[in-house]
Amino acid sequence: MMKQTLPYLILLFATAHPVFSQRHTISGYVTDRENGEPLISAIVFDAGSSGGTVTNNFGYYSLTLPAGEVSLEYSYIGYGKPKIAFRLENDTVLNIRLDRDNMLEEVTVIGNRSETGVRGSQMSAVDVPVEQIKNIPTLFGENDLIKALQLLPGVQSGTEGSAGLYVRGGGPDENLLLLDGVPLYNVNHSLGFFSVFNSDALKNVSLYKGSFPARFGGRLSSVVDVRMKDGDDKKIRGTASIGLIASKLQLEGPIVKEKTTFNISLRRTYIDILARPFIRMAQEDDGGDVKGAGYYFYDVNAKFTHKLSERDKLYLSTYFGDDAVYMKTGTPSQSSGSEIREETLDWDWGNAIATLRWSRILSNKLFMNTSASYTRYRSTLGGSYRSETRYPPEFGYEREKEETHLTYNSGIRDLTLKSDFDYTPNVNHDVKFGAALTSHTFAPDVISLKITSDSGPQEERIDTVTGSPRVYALETATFLEDNITFGPMFKVNLGIHLSSFHVQGDSYFSLQPRAGLRVLLGDDLSLKAGYAMMNQYIHMLSSNIVSMPTDLWVPATSRIKPMKSHQYAAGIFYSLAHIAELSVEGYYKTMENLLEYKEGASFVGASSNWEEKVSMGRGTAFGIEFLAQRSFGNTTGWLGYTWSKSDRIFDRPGNVINNGKRFPAKYDRRHDISLTAMHRFSEKIDMSASWVFSTGNAATFAFHEFTASDSPTYRYPYYPATYAYVEARNNFRYDSYHRLDLGVNFHKKTRRGNLSTWNISVYNAYNRLNPFYVFVRSEESKDLGTGEWKSKKSLHQATLFPVLPSVSYMIKF
Amino acid sequence: MKRNRQTLPLLLLLLAVSLSSCEKEISFNGTVTAPRPVMNGILTPGSAVSLHLSRSRFVLGEQTPLSPISDATVSLSVNDAPLGGPLIHFGEGTYMGSYTPKAGDRIKIEVTAGGFGKFTAQTLIPKKPVVTVTDSTVTLEREEGAYGQIEYRRMKVQLKLTDAAAEENYYYIKATQYFYHDGNPAGEYALELEIADILKNNISDGGNLFDDLFDDGEERYYRTKNLFSDRFVNGKEILFDFMYQDVLNDDVIYGNGNATGDGDATGDGDGVDGPGRETEYVIEIGEITKDLYLYLISGERFERTWESPISEPVLIHSNIENGIGILGSCNTYRFTSRFQR
């Protein structure tokens, strides 16, 4: 390792050191003039030297150029492109505010930012503008980041409506979902039909499917880097919306003008509130004892930004959200008020994150970002029973009272300290390095029981905690990456990610090289290639069908090794000026130490002896992704197509599945098409449509039955003596999945100058009954002629969502 | 307000319709595969080779009975040497030969039958487990019970099995009580087997040798809880402790809690008691082939989970080449103890 690193550092120092000519550095922030929001990935380009850079996640840039005349152009899609020409004689700070340019009539679609487009060295990545997410028609009109990502090539959804991401043959637990740099462990609401990301709070979303930069680690298949808005630094503004199942409110503005800002977003569903009178009426009619029952979820995003000085900024980002199911039953009085009984059930699950970040410009070439963060996911199932019986005086004691509280908790909690640096020694290097230390606490299942029983002369108390013990683990990560420009044609991104994981006396270390290459073959055409090795030290035990609150994160152990992947990718990127951007990418990925439930095992009760319920195996995935996108004019959109194959093999002793033979992965799909289009008819009306098609999910079916053998080991005879013959795992394909969603927006300026929008959406517009679950049903019937009973088995399909219209109203103020 | 009253139920109706699932029968879009040949046979030393051949059936559509294969030619070879003529069909798919396997025999069965290609299977007859009796004690005891004095006969048996080192071995244990009247069989009763109790005396410095077996997460069900492998005790001596008791006087209470005043002290419902009655305990420790072990374990898992939509489907283990089913074998040590009433 040292043999490789040392020459590289010498080379880096040599090229970075300003001995060849006098150089000076121009640095500063690029922000939106109207609201002061930092612009991420804005381009800064010097026409004279053809040198350029892009702003980082805080809108900061640093560009070192030879002394003399410079002509800088700042550009960001949807904004004007100011040019500044001056003579560079000293290090210079240039904070630039860009004006939104409505005359461009250009809508940002996806993937055309500098680092992910034709000219950037990054491949297998797309930037998804939040405005775009808001325009895609969705289930119940709830615009959703994860659903938008599922429309991109190489990204697949799980079952109907689910918020799971299956990226390039990987599983849903192999995605690193970062909200302001902090991992979220469960991004699902309502069993995965909605995600936790409230798009009103978001500014920027980047998805990496491969060729991962060295700064990311810890997951095999993708990184979704979501950034929240800082908040307007000049005036208070916001949006409010009301939809079929949820309402949202977002407020942002200055606390101290141009110094301290806030951005708060709230969302809550209200099915429970709407249903409350109906439950009450039904209970009154039937004489039932349900006092209340319901389900809801809510999200709160909040971000505060404070400018300490021209060089220092503090950020406090938080998110917390919960899903809750509750039920309360009871008999208020029986036998003349002598007995009271009450039962409650509460199930809450959700995430909470908080991060305090300090960014500092250490020098005009070195930018530091240090953060302390907390993230936790927990699921709490609680039940209680209370009864009280009062007795007449002749009993000798007044009453009998019993109270029982049982709670079941599971979850994961992380505390992370992280520091990373952006160093731009000259125009040919863009170096990032840093380190992170994370303390994980896994709580697979903790059961607490409290019983208080007071029956007059006797009193009994039980207060106990049981379950699996907490597991503590320490994870470290360090990284170094450099985006190097070699002349106008070549750009290379080299990096190394070093990580370690320490749990229960075991330690794992991993050195992960990363590399990316761009060869520019003309202004509009480039070839790219990339390689990334990734390691993942934590696993999620889940149902594989829908996201459950009981999905459980567990660490690598001495028996269950960390997952590992190697991914190779290559592609062609072409920009057809003013028409479309085209790209074709191919990838090949191998994965090791993947987990699957053993035959007959289920996720129910997986927390106990979970290591015995899973097998460890390998997987391969390969495919070709095609993306064509149009980002100009009134009609915009994209067409994505993926051909892919993903399989698994579990053949190691004690881990055998499918008799050790290769089998298709659960969400292996040969074809995946998504077509998304938006058309603006006028200032007042625009429309969007998306159509998706994919090969049906793989499932395991037994299509034969056979006579079972008797055995001398049996202690009793057993009936029925037939078994089902499962030829292989995932031996059956559901029908292909396709669906058209439509949406239309009607915009209007109110008398107060606010913009109001009515949105009407139709999910599954042509009512395709897509398979959610397929099963064999057995029916018995009596032959009226012979009187014999006959049995018939048939295949049945359950569909989750037929055509679903929805309406929402939003006002921006 | 009036408009609100109309809107709210409309919204709720829409929501209810939205969340309700639709279900329909669908046609099978895959290939309806032809029946597969099924071979089932468990060979034991001292018993003539016997097999059952049948066809699998496609599950969709009207159910037809599982049909036996009655036109097959079944040939047998022992240690790679073909043996005599084909096995004879005794009806209903049962084929028998005259050869009685011995421990160490590698038995290969080849079957050709109309509509199927050749399907084959082989098995190695395990050696008889090396078992010694380390303790066998019978005591007669009396106790005061709720309904008078109860007279017990308690039998304690300790058996020691020496597991063969450096090889995978799979075992089953079984204990049965047989009843005889005037020398004629008069019923049998499968005795309780708590494997953790039976193996409780296998103690080493680190605790019970089978602790890992008891804590391995594998849920043991009635049908396979008497099976175990030597995974945790390879090459070691294994102690089995059995203790059974018999109530010798009439009108007593048995383990099931029911008083039997019908003159049937055995509780087996055969109505036999009194003079001429004998009882025999048979304890079996058998070695079975790995294929048979896997077949039994996977079969049990299948039975337990096949209707569960959340469980991963079970592929039942088979060692039949070009077919399905099992050709297994076992070799059993038997401890017997017979008492007069």
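How many residues of chain A are in contact with chain B, and how many of chain B with chain A? In this predicted model, 58 residues of chain A are in contact with 62 residues of chain B.

Let me stay on the chain A side for a moment. Six elements of chain A each supply at least two residues to the side that touches chain B: helix 4 (271-286), helix 5 (610-613), strand 42 (702-707), strand 43 (722-726), strand 47 (773-782) and strand 48 (789-799). Strand 48 of chain A gives the largest share, 10 residues. By class, this side of chain A has 30 nonpolar, 18 polar and 10 charged residues.

Strand 42 of chain A also pairs across the two chains. Its partner is strand 4 of chain B, residues 57-58, and the pairing is antiparallel, over two bridges. Here A:Glu705 stands opposite B:Arg57, a residue of strand 4 of chain B.

Now to chain A by itself. Chain A is divided into domain 1, residues 22-104, and domain 2, which is made up of 125-697, 734-780 and 798-812. Taken over C-alpha atoms, the centres of these two domains of chain A are separated by 34 Å.

Methods:
Residues are numbered from 1 along each chain as its sequence is written. Chains are lettered from A and ligands numbered from 1 in the order in which they are written. This is a predicted model: local features need pLDDT of at least 70, side-chain atom pairs count only at pLDDT 80 or more; totals for chains, interfaces and linings use all residues. Two residues are in contact if their C-beta atoms, placed from the backbone, lie within 7 Å. Helices (H or I, at least four residues) and strands (E, at least two) are DSSP runs, numbered from the N terminus. Ala, Val, Leu, Ile, Met, Phe, Trp, Tyr, Cys and Pro count as nonpolar, Asp, Glu, Lys and Arg as charged, and the others, Gly among them, as polar. Two strands pair if DSSP finds at least two bridges between them. Domain bounds come from an automatic or database domain assignment.
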